[in-house]
2 protein chains.
Amino acid sequence: LATEAQAAHLAVLTSCLPGEVEVTNGGEPSEDVQVLVSGRPSPESLDALPQLAAVVVPWAGLPAPTRDALFERPHLKVFNLHHNAAATAETALALLLAVAKGTVGLDGAMRKGGWSPRYEPREALQLEGKTALVLGYGEIGKRVARACLGLGMQVNAVKRVARQAFDGDVALYAPSGLPNLWKSSDALLVCLPATAETEGLVGQAALEALREGAIVVNVARGSVVEEEALFRALESGRLFGAGLDVWWHYPKDGEACEPSRFNFAGLPNVVMSPHVGGSVRDTEPARMRALGELVRRILRDDPGLRAVDVALGY
Amino acid sequence: LATEAQAAHLAVLTSCLPGEVEVTNGGEPSEDVQVLVSGRPSPESLDALPQLAAVVVPWAGLPAPTRDALFERPHLKVFNLHHNAAATAETALALLLAVAKGTVGLDGAMRKGGWSPRYEPREALQLEGKTALVLGYGEIGKRVARACLGLGMQVNAVKRVARQAFDGDVALYAPSGLPNLWKSSDALLVCLPATAETEGLVGQAALEALREGAIVVNVARGSVVEEEALFRALESGRLFGAGLDVWWHYPKDGEACEPSRFNFAGLPNVVMSPHVGGSVRDTEPARMRALGELVRRILRDDPGLRAVDVALGY
């Protein structure tokens with residue numbers, strides 16, 4: 001079945017490409033490969049392809065070994081695929097709202113026949129009029145910012161290089177603005193790539209500076225947020241809650257593992273999700289269409305196409 | 001405690017009103033009452049107040065007996081309080097996204113240590129690029145429409161009298177447009193008052209006309225949607241899912257009851273919520289401030305203030 005599905009996906013990709021482009025999948029790549037689609041190519045495989053000009057890592061960001069291998073081979077252009085930015089941004093909003101409204105707990109209570117939350121003091125939050133801080137203003141962050149505006153929130157966003165003060169109603173800041181921005185934030189939405197600069201960026205100092213009763217949402221990479229600091233801030237109730245799609249530990253080779261050293265599943269004010277934010281019903285066909293479009297643009301050397309800055313990692 | 005809380009709420013209300021306005025709560029109202037705040041005033045109580053000029057029903061919409069009593073007393077102006085429109089609209093979005101992303105099920109799986117959804121084909125929906133139909137374009141519907149735009153959806157809205165074709169990017173239609181609108185809708189968000197005109201408006205015909213795999217959200221009143229038709233459309237899988245904050249049956253005098261004749265709790269594609277959409281942490285102070293503002297405007301006969309059209313019911 002997996003192979004059948006793969007064949008179907010390849011057919012979608014092939015249909016998006018000019019007839020003279022040959023698509024191969026798996027096995028030994030032929031020597032005339034110009035574009036390699038691989039998230040974790042070995043250094044040897046990269047050196048074995050004399051015609052290779054570009055590598056597509058078919059998601060957002062570069063795994064550390066891939067980044068190292070590509071950093072040492074600057075003749076290779078590197079591209080990411082952002083086909084799932086909308087789905088990921090929507091997951092961020094789903095988590096934000098589920099935390100703010102207590103959606104998961106209400107559903108559970110009502111399925112057991114419990115109307116009682118209707119008659120108890122409510123601990124839900126209203127978002128309209130509150131302030132959101134969006135970390136990262138790429139394909140995902142822009143969408144999250146726009147959706148927060150749609151909820152009537154004030155929106156600040158941080159990007160590495162903020163050349164303008166506003167994008168529409170979104171106020172843009174460089175990372176140097178963060179110490180002040182934490183203090184005015186009721187919701188923090190992490191949409192940054194995992195890089196040396198972003199690792200642990202949301203640490204104890206940041207979490208203690210956020211407004212009392214703030215909500216933290218992470219749909220980017222676990223490592224951007226300090227695990228213990230977040231757990232303590234949730235456990236103590238200083239934060240209202242958190243929505244987490246990304247984690248610090250992942251299963252390897254199908255072996256189960258806890259997502260964190262800390263028992264987030266024991267906290268009532270967390271909404272947990274197993275890193276599926278970018279995935280929707282028709283992810284694979286969409287990914288193949290986006291990949292086809294990207295490869296077309298690589299092959300025609302489209303000057304508007306942004307390559308990954310390997311030193312930065314995105 | 002309840003009395004202490006009540007006293008605190010009354011203090012907030014009093015602080016919002018001019019000094020010459022006397023506020024009383026419960027007991028026998030004095031004969032010179034001009035404004036009565038009551039959701040379910042008896043006909044006798046209305047007739048016992050010779051100075052009475054206005055009745056505030058302190059939420060959105062009129063209960064049927066209240067409507068009848070006020071219809072027979074056209075000398076009384078009637079007002080609703082829309083203090084919780086933002087919270088209710090946010091609940092609609094929370095339900096829409098929780099259904100689209102499977103948020104409740106993912107949280108449950110992951111709390112049991114289950115990473116497996118990460119490695120299974122995903123049944124989540126992407127909303128960006130899809131079409132939302134917002135039924136009702138009052139304080140709640142406008143906010144829901146704006147939030148759906150923020151998610152990158154196309155938004156159509158239906159109001160009783162649509163005097164213009166667009167409000168910003170929201171396309172407005174009169175109810176006569178509904179037969180065509182159902183057919184192009186991926187998400188239906190019910191934000192209508194319960195009136196004779198809206199009862200059962202979303203029936204079998206509407207639910208069968210929606211696009212395959214549509215999502216239905218109701219934060220208005222259960223009676224606007226036909227109970228059995230919705231249950232069947234969810235059970236058959238023709239609808240992707242539904243998010244329901246409002247129901248067909250409510251507990252009376254604290255006695256438990258099922259929210260529907262049908263077993264919605266047995267459906268995996270429903271997110272349930274016990275009619276708490278409009279309620280947030282600081283609902284009561286907000287309600288008191290909004291009530292104070294409304295009473296000020298009633299007393300100074302503000303020409304911009306919209307009274308309830310009792311014949312229409314909102």
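This is a predicted model: local features need pLDDT of at least 70, side-chain atom pairs count only at pLDDT 80 or more; totals for chains, interfaces and linings use all residues.
Residues are numbered from 1 along each chain as its sequence is written, chains are lettered from A and ligands numbered from 1 in the order in which they are written, and side-chain values use heavy atoms, with hydrogens and water left out.

Let me start with chain B, where three strands form an open sheet in the order 1-2-3 with parallel pairing; helices (H or I, at least four residues) and strands (E, at least two) are DSSP runs numbered from the N terminus, and two strands pair if DSSP finds at least two bridges between them. Strand 1 and strand 3 of chain B stand at the edges, each with a single partner strand, so one side of each has no neighbour in the sheet. From one strand to the next the twist averages 20°, where axes are lines fitted to C-alpha atoms, for helices over the stretch in contact, and angles run from 0 to 180 degrees between N-to-C directions.

Strand 1, residues 35-37 of chain B, pairs with strand 2 of chain B over three bridges, and here Leu36(B) stands opposite Val55(B), while Val37(B) stands opposite Val56(B). On to the next pairing: strand 2 of chain B and strand 3, residues 77-80 of chain B, are joined in the parallel sense over four bridges, with Val56(B) opposite Phe79(B).

Which residues of strand 2 of chain B are buried on its two faces? Ala54(B) and Val56(B) are buried on one side, and Val55(B) and Val57(B) on the other, where buried means under 20% relative accessible area, exposed over 50%, and partly exposed in between, with a 1.4 Å probe and protein chains only.

Chain A also has three strands in an open sheet, in the order 1-2-3 with parallel pairing. Its strand 1 and strand 2 (residues 54-57) pair over three bridges, and the bridge partner of Leu36(A) in strand 2 of chain A is Val55(A).

Turning to the place where the chains meet, helix 6 of chain A and helix 6 of chain B, residues 139-150 in each, pack at an angle of about 175° with their axes 7 Å apart. The two helices are therefore roughly antiparallel, a label given to angles over 145 degrees, with under 35 counted as roughly parallel, 65 to 115 as roughly perpendicular and the rest as oblique. Among the residues making this contact are Arg143(A), Arg146(A), Arg143(B) and Arg146(B), contact meaning heavy atoms within 4.5 Å.

Finally, Gly152(B) lies in the loop between helix 6 and strand 5 (154-158) of chain B, and at 19% relative accessibility Gly152(B) counts as buried. Leaving aside neighbours within four places in sequence, Gly152(B) is in contact with Arg146(A), Glu128(B) and Gly129(B). The C-alpha atoms of Gly152(B) and Gly129(B) are separated by 5.9 Å, although these residues are 23 residues apart along the chain.
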